[in-house]
Amino acid sequence: MGIYSCIGRNKEEVCKSLYEGRSGIGVVPERREMGYRSALSGIVEKPDLKGRLDRRQRLCLSEHGHYAYAATVEAMEQAGIDADFLARNEVGILYGNDSSAEAVITGVDVIREKKNTVLVGSGNIFQSMNSTLTMNLATIFNLRGINFTVSGACASGSHAIGLGYLLIKQGLQECVICGGAEEVNKYSVGNFDALSAFSMRESEPHRASRPFDRNRDGLVPSGGGATVILESMESAVRRGAAIIAEVTGYGFSSNGDHISVPNIDGPKRSLQMALRDAGVDVAEIGYINAHATSTPVGDRNEALAIAEVFGDRPPVTSTKSFTGHEMWMAGASEIIYSTLMMQNDFVAANLNFEEPDEASALLNIPARRIDLSFDMFLSNSFGFGGTNSALIVKKVK
C-alpha cells in the first residue's frame with residue numbers, strides 16, 4: 001500500500017492521524033478569490049520529484065500524477081517490487097481518475113490569449129487527458145500488463161481495485177497496480193461548488209466535514225494519491241512477498257435514477273453483491289467504511305441502505321470526516337485507511353458526529369476512536385450517475 005493525502009504523506013503519518021483524530025482540512029483563500037462559495041479544502045503538500053524523475057517525466061505529470069507517483073513508489077517498496085521484477089513480469093495498472101482540470105484550463109487559456117497552440121507545450125496533452133495517471137505511471141515504471149483508466153466518478157478508485165481483483169481472479173493477470181488520485185488546485189471541482197455541494201463552515205475547518213451528523217451542510221473537497229498492489233496469492237507466496245490483506249468480494253450496481261441524487265436501492269444491491277461474491281454473512285463484517293461525504297441526502301440514503309443490510313451491529317464510520325471528499329481517489333484511499341485500522345486494532349472516530357438524524361440513528365457510529373480487533377471490513381464508494389462499488393477485504397493471518 002502507498003498513500004499520499006492531506007492527513008499524511010505515507011502510511012505511518014496517515015495511521016497516526018487516524019489514531020489521534022487529526023483532520024487534514026483547512027481554508028484556501030485563493031478559492032475565494034476565484035469565486036468559490038466555499039474556500040474549504042483538504043491541504044495536500046505537493047511532493048518534490050526533482051532528482052526522482054527526469055525533466056520530461058515531470059513535464060508530462062499532472063498535479064495528481066505527482067501524488068499517484070509518490071503513493072505508487074511507497075506501495076512498490078512494501079510489495080518488494082523493483083525494476084527487475086517489472087522487466088520480467090507483465091504487471092498491469094488500473095487507476096481511478098475522472099478529470100484533470102488544471103491542465104485543460106491552463107492549456108485553453110494559453111490558446112485564447114496567445115492564439116498559438118504551440119505555446120501550450122508538449123506536456124499539456126499528457127497532463128490533460130483523463131488517462132493521464134495510467135499513461136504516465138505505465139511509462140515511468142515500464143509496465144507491460146493491462147493499462148487503462150477507470151472513470152467512475154467518486155467510485156473510480158474502488159472500481160479500479162474491483163476490476164484488478166476480477167482480472168487476477170480470472171487468471172488474466174498476476175499483478176496489477178490499482179488506485180486513484182485527485183488534484184487539489186484552485187481549478188479542481190469548481191463545478192461541485194456551483195451545485196452548492198460544499199460545506200460553508202469556514203470558521204471551523206476541522207469541524208466542517210461531518211458525515212452522518214444532523215447538522216452537516218455539505219462536503220469538503222480534497223485529494224492526493226492512493227495505490228494498492230494486487231497480486232495472485234500463488235505469485236505472492238512464490239516470491240515471498242509480505243501479504244497484507246486479501247480482496248474477497250466486489251459488488252457493483254447502478255441506481256438507474258437521478259444523475260446526482262443517490263437512492264437506497266442501488267447502494268443496497270452493491271452491498272449485497274459484495275457479500276455474495278465474498279461468500280460471507282453480514283455478521284462476519286467487523287467494520288464498514290461508509291462513502292458518506294457529509295451531504296444531507298447522500299448520507300441519509302446510505303445510512304438507510306446499510307441499516308437494511310447490516311442493522312446496527314458493525315461500527316460504521318466515514319474517514320471523510322478526517323480528509324474531506326478525495327473524489328476519484330477516495331475509493332482507493334479508504335481501502336488503505338481501513339486496512340491500517342485493521343492492522344492496528346482500532347476504528348478511527350467519525351469526527352464531528354454530535355447528533356444523529358433519523359437515518360444515522362439506525363447505525364452504530366462511534367464519535368470517538370474505539371479499540372477493536374477485526375478481521376474483515378467493507379468499504380463503500382458511490383458516484384454521480386448512480387455508480388456504486390463495494391469492496392470486502394480480510395486480514396491475512
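This is a predicted model: local features need pLDDT of at least 70, side-chain atom pairs count only at pLDDT 80 or more; totals for chains, interfaces and linings use all residues.

Tutor: Residues are numbered from 1 along each chain as its sequence is written, and side-chain values use heavy atoms, with hydrogens and water left out.

Student: Why is H4 called oblique to H8?

Tutor: Helix H4 (residues 63-79) and helix H8 (residues 132-140) pack at about 45°, their axes being 10 Å apart. Angles under 35 degrees count as roughly parallel, over 145 as roughly antiparallel, 65 to 115 as roughly perpendicular and the rest as oblique. H4 is therefore oblique to H8.

Student: Which residues make the contact of H4 with H8?

Tutor: Contact means heavy atoms within 4.5 Å. H4 contributes His 64, Gly 65, Ala 68, Tyr 69 and Thr 72, and H8 contributes Thr 132, Leu 133, Leu 137 and Ile 140. By class there are 5 nonpolar, 4 polar and no charged residues; Ala, Val, Leu, Ile, Met, Phe, Trp, Tyr, Cys and Pro count as nonpolar, Asp, Glu, Lys and Arg as charged, and the others, Gly among them, as polar.

Student: What makes H12 oblique to H13?

Tutor: The axes of helix H12 (residues 265-278) and H13 cross at roughly 40° and come within 9 Å. That angle makes H12 oblique to H13. Pro 267, Lys 268, Leu 271, Gln 272 and Leu 275 of H12 meet Ala 305, Ile 306, Glu 308, Val 309 and Phe 310 of H13, a contact with 7 nonpolar, 1 polar and 2 charged residues.

Student: What makes a residue part of the lining of a pocket?

Tutor: On a 1 Å grid over the protein atoms alone, a pocket is an open set of points where a 1.4 Å probe fits, with protein on both sides within 12 Å along at least five of seven lines; lining residues have an atom within 4 Å of a point. The largest pocket has 28 such residues, with Ile 229, Leu 230, Glu 231, Ala 245 and Glu 246 nearest its centre. Its space is about 630 Å³, and its lining has 20 nonpolar, 3 polar and 5 charged residues.

Student: Which element gives the largest share of the lining of the second largest pocket?

Tutor: H13 does, with 6 residues. This second largest pocket holds about 540 Å³, and its lining has 14 nonpolar, 15 polar and 2 charged residues.

Key. Axes are lines fitted to C-alpha atoms, for helices over the stretch in contact, and angles run from 0 to 180 degrees between N-to-C directions. Helices (H or I, at least four residues) and strands (E, at least two) are DSSP runs, numbered from the N terminus. Grid points are joined across faces, edges and corners, and a volume is the space filled by probe spheres set on the points.
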